[in-house]
Each structure stands twice: as structure tokens, then as C-alpha cells.
Amino acid sequence: MKTKVFISFMTVLQLFTYRLDAQFVLPPLQYTYDAFVPHIDSVTMRIHYNNHHRAYVNNLNAAIDKHPELKNKDLEELLSGITAVPEDIRVAVRNNGGGHYNHSFFWMLLNPGQTKPSAKLEKAIVAEFGSVNNFKAEFEKTATARFGSGWVWLIVSDGKLKIVSTPNQDNPVMSDAPDKGAPILALDVWEHAYYLKYQSNRSAYVKAFWNVVNWDKISDLYNAYSDLY
Ligand SMILES: [Fe+2]
């Protein structure tokens, strides 16, 4: 599984986890900050991307600077081997490398237009969860149940779709993740992702998320991974 995760994520992430002069960089957004109004407000988008995500990138680079021997490693390589990262920067790489990976993935999965799952993905969702609506309800339940900060994911694992949740900036790619697999959907449930508009009502934010999900991209990811995992 570990080898397959690495190969697969090399493909998916190569466009947004590249380095410039051995430094990780903030990937450009493919839309404007107000692209998802009214579901996600523009101030949240700007702060989330330009402040929070940028800080993860900067902090990751600062950690890697302490161990130049790691500068030839890609992000997915660092995360899939997180337990082998030197101990003095392991927490920093986990939190900030995870933050960079998760947010890069999240931005890619947002879309201002309406999309829907491919026939192949819908069939898999129905097979696993009974219906698309049941899947959404289960995803929402997992998202609202995550105590504190974290993420909820739809992953492909052992050939099946599975909803999992991770704390902080952990993700299913990390070598010590309890539920490893190939992510095809992710939702950030840190308060910084929704508090300005939704305050403590995380449930409303999670429900609004379905209006901006890029099912075309998720379907492409499922198509790429369904036979690999
Ligand atoms: Fe975030």
C-alpha cells in the first residue's frame, strides 16, 4: 500500500507540490477569492489561502532548511515517510507539510460551477453507502463529529470507498495514519475555514460545501485510483 500511495500521489501532486530552488511554494489558485460566495466568503478564502496556507509553506521550508539532506524529497515522500523524518523537525514537517499538502488538495477540489459524480463514481458510492444522499449524510456526520481541528476525507482503500477523519493537519497519506488510502475528497473543518461566515455552526458550513465541490476532479481521482487500491 505504501509504495502504491507514493506512486499515485506523485501523479496527483506533481502540479502543486513542486519546489523552486529547493523550496516548497504556495500553489496558485485557479479562481478568485469571491468565486464561492455565498457558500464560502471572500475574506475567509483570502485569509485561508494567503495567510494560513502560506504560513504552512514557510514553516515547512524553515524546517527543511535545518536538514538539507531532505531537500531532494517531494512532499508526498516526506509525509509517507513521516516517522523517518529527523525527530527535531518531525512535528514541524507533520504539521506544516501536512498543512501544505491538505490545503493544496482542498483548493483543487473546489469549483464555482455545478458538477456531479461520474457514473462510475456514483455507482461506487451507491454500492458502499446506499445512495449519494446517504454518503453526504455520513460525510457530514463525520465532519461535525471531529473534535477540535482536523479534516474529513473520502479515500480509496482496499478497493473500496471509505470516509475517514484526521486530527490537526494529519492525512491518510502519512505512514502512521490509522486509516491509510488514496484521498479523492477532503474537507477542512478547522474553524479558520468557516468561522467568519458560519461562526460555531460547522454543520451549515459542511452542508454548503456540497455547492462548491468539484465532482469532475473527484471523479477523475477515483478513476485513477479505483484499480490501484
Ligand atoms: Fe485550513
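Reader: What order do the three strands of the open sheet take, and is the pairing parallel or antiparallel?

Author: In this predicted model, the three strands form an open sheet in the order 4-3-5, and the pairing is antiparallel. Strand 4 and strand 5 are the edge strands, each of which pairs on one side only. From one strand to the next, the twist averages 20°.

Reader: How many bridges join strand 3 to strand 4?

Author: Eight bridges join strand 3, residues 150–157, to strand 4, residues 160–167, and these two strands run antiparallel. Among the pairs, Trp151 has Thr166 of strand 4 as its bridge partner, and Leu154 stands opposite Ile163 in strand 4.

Reader: And how many join strand 3 to strand 5?

Author: Six bridges join strand 3 to strand 5, again in an antiparallel run. Here Trp153 stands opposite Ala186 in strand 5, while Val152 has Leu187 of strand 5 as its bridge partner.

Reader: Why is strand 3 described as largely enclosed?

Author: Seven of the eight residues of strand 3 are buried, so the strand is largely enclosed by the rest of the structure. As a general point, strands of a sheet pair through backbone hydrogen bonds, either parallel or antiparallel.

Reader: Which residue takes a positive phi in the hairpin of strand 3 and strand 4?

Author: That residue is Asp158, with phi near 55°, in a hairpin that has two residues between the strands. Asp158 is not a glycine, although its phi is positive.

Reader: Is Asp158 buried or exposed?

Author: Asp158 is exposed, because 9 other C-beta atoms lie within 10 Å, and the cut-off for exposed is 12 or fewer.

Reader: Which loop holds Gln199, and what is its phi?

Author: Gln199 lies in the loop between helix 7, residues 195–198, and helix 8. Its phi is near 50°, a positive value in a residue other than glycine. Gln199 is exposed, with 11 other C-beta atoms within 10 Å.

Reader: Where is the cis peptide bond that involves Pro38?

Author: The peptide bond from Val37 to Pro38 is cis, with omega near 10°. Pro38 is placed in the loop between strand 2, residues 23–24, and helix 2, residues 42–65.

Reader: Changing topic to helix 6: which of its residues are buried?

Author: The buried residues of helix 6 are Phe135, Phe139 and Ala143. Seen down the helix axis, they fall within an arc of 70°, so they line one face of helix 6. In general, an α-helix has 3.6 residues a turn, so residues three or four places apart point the same way.

Reader: Which residues are exposed on the other side of helix 6?

Author: Asn133 and Ala145 are exposed on the other side of helix 6.

Reader: What covers the buried residues of helix 6?

Author: The cover includes helix 5 (119–129), strand 3, strand 4, strand 5 (182–188) and helix 8 (202–209). The strands named there are those of the open sheet in the order 4-3-5.

Reader: How does the span of helix 6 agree with its 14 residues?

Author: At 1.5 Å a residue, the 14 residues of helix 6, 132–145, should span 20 Å, and the end C-alpha atoms are 20 Å apart, which agrees.

Reader: At what angle do the axes of helix 5 and helix 9 cross?

Author: The axes of helix 5 and helix 9, residues 215–225, cross at roughly 75° and come within 9 Å. That angle makes helix 5 roughly perpendicular to helix 9.

Reader: Which residues meet between helix 5 and helix 9?

Author: From helix 5, Lys120, Leu121 and Ala124 meet Ile218, Ser219, Tyr222 and Asn223 of helix 9.

Reader: Stepping back, how many helices and strands are in the chain?

Author: The chain has nine helices and five strands. Along the sequence they follow the pattern α-β-β-α-α-α-α-α-β-β-β-α-α-α.

Reader: What percentage of the residues of the chain count as buried?

Author: Of the 229 residues, 36% count as buried. Among contacts between residues at least 6 apart in sequence, 70% join residues at least 24 apart.

Key:
Residues are numbered from 1 along each chain as its sequence is written. This is a predicted model: local features need pLDDT of at least 70, side-chain atom pairs count only at pLDDT 80 or more; totals for chains, interfaces and linings use all residues. Two strands pair if DSSP finds at least two bridges between them. Helices (H or I, at least four residues) and strands (E, at least two) are DSSP runs, numbered from the N terminus. The expected span of a helix is 1.5 Å times one less than its number of residues. A residue is buried if 20 or more other C-beta atoms lie within 10 Å of its own, exposed if 12 or fewer, and partly exposed in between; C-beta atoms are placed from the backbone. The arc is that of the directions from the helix axis to the C-beta atoms. Two residues are in contact if their C-beta atoms, placed from the backbone, lie within 7 Å. Axes are lines fitted to C-alpha atoms, for helices over the stretch in contact, and angles run from 0 to 180 degrees between N-to-C directions. Angles under 35 degrees count as roughly parallel, over 145 as roughly antiparallel, 65 to 115 as roughly perpendicular and the rest as oblique.
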